[in-house]
Amino acid sequence: MKKRELAALIDVSFTLNRGERIAIVGESGAGKSILGFSIVNLISKPGYIESGSIKLENKELTTMNLRQLQEVRGKRIAMIFQDPMMTLNPVLTIGNQLVETIRSHTNISYKDARNIAIEKLHNVQIASPEKRFDQYPHELSGGMRQRVIIASVLLLNPDIIIADEPTTALDVTIQAEILQLLLTICQDNGVALVLISHDLGVVSKVAERTLVMYAGHIVEEGPTLEIINDPQHPYTQGLLNALPQMTIPGQRLNQIQGSMPSLAERPSGCAFHPRCPYATQKCKQEQPQFIYSGVSSVACFIIEDMLNEFTDTDKEAL
Amino acid sequence: MLIFLLRRLLQACFVMIIISVISFSIQDKLGDPVQQMVGMTVSPEERNQLRNELGLNDGFLVQYWRFAKGAVHGDLGTSYYYKEPALDVILEKLPATLELAFCAILIVILIATPCGVLAAIKPKHILSRLLMLISSIGLSVPIFIVAILMVYIFSIELNIAPSFGRGQTTEFFGFWESGLFNKDGLSHLLLPSLSLSIALMPIFVRLIRAEMMDVLQSEYIRFAWSKGLSARRIYFIHALKNTMLPVITVGGIQAGTLVAYTILTETIFQWPGMGFLFMDAVSRVDTPLVSAYLIVVGGIFVITNTFVDLIYGLFNPTVRLASHGL
């Protein structure tokens, strides 16, 4: 079999400020999760970071050895995963899994660690935390488990929380509660949040800034509310249109024609062009660069042309 | 817990009945015990009289009923050769076999676990590849060849350990002859238990490796990494505990294989245990002893698997019997 390397992320670049909440949105296969995992170098093998730079303050994360990374993981950057049913180890008690996190980063006694753990369980609104402390994951519901995971993430007061679709596996009522909890916790503790989601509805409630990803590229980046009110990139428009709220009751739901290309078959030029209703010849051949549209940074030739026309007519008017 | 044990007991009775029927029905296929008991000069009439006295001319059901009636009272018949109750003869040899099996299991656990874990953590490492190669060879080479080779190398050429017998033993509680508490006994135990463990080792190394690799792919392991835990903690606490669940189950089933291999090992090393006794009993057509052996082994198998289920509960909280008061 011929070995072939495929790039999951290309030219992805962004900054996250202290206490800021950003969202990464896109369909399945856009590279959102791998982006989240690569920040703390947790990509599953045989994947690896080929080039680029990921910095926490001034410390380069990509070149760190395992020991240095372990100090960052959990303590500075913590992660929440998609499926709470799969995230906790089934054979260890909740308490055990909380205490080990604290004790592997600090030199405090089991008793003190237990107190911190119980306090954090209390913070995420778990009733009778002392009882839960000694229970096993299977004795808790999905929503409860996600709360435990959030508590576990908060144990060491990290600077950044990366939440990979934290509500996808939960039912709708629990989703809203967990989202609200996450938001409050980030606001109260000044924690920066990277929220990975495919649901713009979820994103709009939590994130201040949004990055839209398609096929391993960022295609649009800007303030969440602006993007939602006035999406620039045709893909973002498509995503927004696909929300059930955007359709009149009784009408068919909108969708973006086609599907996300696999890594092996990424189209030339702008990767979105086969599905884009406005695609031109230029889109098929060249890679668009980011331009500021007045609403957001967007990588799209259509927007670029429109802006150019606009400035040209402006010039003529002058 | 009590309900669990009662249910187990009921199952055990059922299993034992089936084992006794099977072991009893193969009796007359082994040969003619009378021929082994008396000399060539005894006339056919006298032989037939002896058969009548032993009840061997009765129908199968009559014989089985007689046997079962005795068995319920702990009487599994009288050995033709030893002229003693078969059960007593076997139980006398039980400690030797149990000690051999126990040591072999201990060696398997102590060696197979780290080997399997290493092979799972670093599948591409030269040592892991070597381990996999050795375990493939171990799976395919028959145990008696390994055992004979070990006798040749360690006893004859290197003269490190004795090749047959139990050596010196110490008696405990008036019935348990143990070779575990003196140097001579232990040195006699070395080769038999090692070759017995080699028979089981490859399966466990491969099983632990496969299960561990599977577990390492799971989300909770990735989450453990994201918490910044040490690699040691992740491998040996988070992953190994989950890995052991299927391994324990298979371990219980392998108890049967272990019994089969004790027969071989004991024969090769002249180990005075139940397996050695069984082989002798078969060649002497000592049928009561053969059936008694099969029943005792069946009992051991049932007990082992009950223990395995209890241990499994300790490892896996989702099936824990806590609600029943364990």
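Mentor: Let's start with two helices of chain B: the axes of α5(B) (residues 86-121) and α6(B) (residues 126-140) come within 9 Å and cross at roughly 125 degrees. Axes here are lines fitted to C-alpha atoms, for helices over the stretch in contact, with angles from 0 to 180 degrees between N-to-C directions. This is a predicted model, in which local features need pLDDT of at least 70, side-chain atom pairs count only at pLDDT 80 or more, and totals for chains, interfaces and linings use all residues. Residues are numbered from 1 along each chain as its sequence is written, while chains are lettered from A and ligands numbered from 1 in the order in which they are written.

Trainee: Why is α5(B) called oblique to α6(B)?

Mentor: Angles under 35 degrees count as roughly parallel, over 145 as roughly antiparallel, 65 to 115 as roughly perpendicular and the rest as oblique. The axes cross at roughly 125 degrees, which makes α5(B) oblique to α6(B).

Trainee: Which residues make the contact of α5(B) with α6(B)?

Mentor: C115(B), L118(B) and A119(B) come from α5(B), and L127(B), S128(B), L131(B) and M132(B) from α6(B). Two residues are in contact if their C-beta atoms, placed from the backbone, lie within 7 Å. By class, the residues of this contact are 6 nonpolar, 1 polar and no charged.

Trainee: And in chain A, what makes α4(A) roughly parallel to α7(A)?

Mentor: The axes of α4(A) (residues 94-105) and α7(A) (residues 142-154) come within 9 Å and cross at roughly 20 degrees. That angle makes α4(A) roughly parallel to α7(A). I94(A), Q97(A), L98(A) and T101(A) of α4(A) meet V148(A), A151(A) and S152(A) of α7(A), a contact with 4 nonpolar, 3 polar and no charged residues.

Trainee: How do you know that α10(B) falls short of a straight helix?

Mentor: The expected span of a helix is 1.5 Å times one less than its number of residues. With 38 residues, α10(B) would reach 56 Å if straight, but its end C-alpha atoms are only 44 Å apart.

Trainee: Where does α10(B) bend?

Mentor: At L240(B), by about 45 degrees. The bend is the angle between axes fitted to the seven residues ending there and the seven starting there. Just after α10(B), Q270(B) takes a positive phi of about 50 degrees.

Trainee: How many residues does each chain give to the contact between the chains?

Mentor: Chain B gives 21 residues and chain A gives 24. On the chain B side, α9 (219-226) and α10 (231-268) are the elements that give two or more residues, and α9(B) has the largest share, 7 residues.

Technical notes:
Helix = DSSP H or I, 4+ residues; strand = E, 2+ residues; numbered from the N terminus. Nonpolar A, V, L, I, M, F, W, Y, C, P; charged D, E, K, R; others polar.
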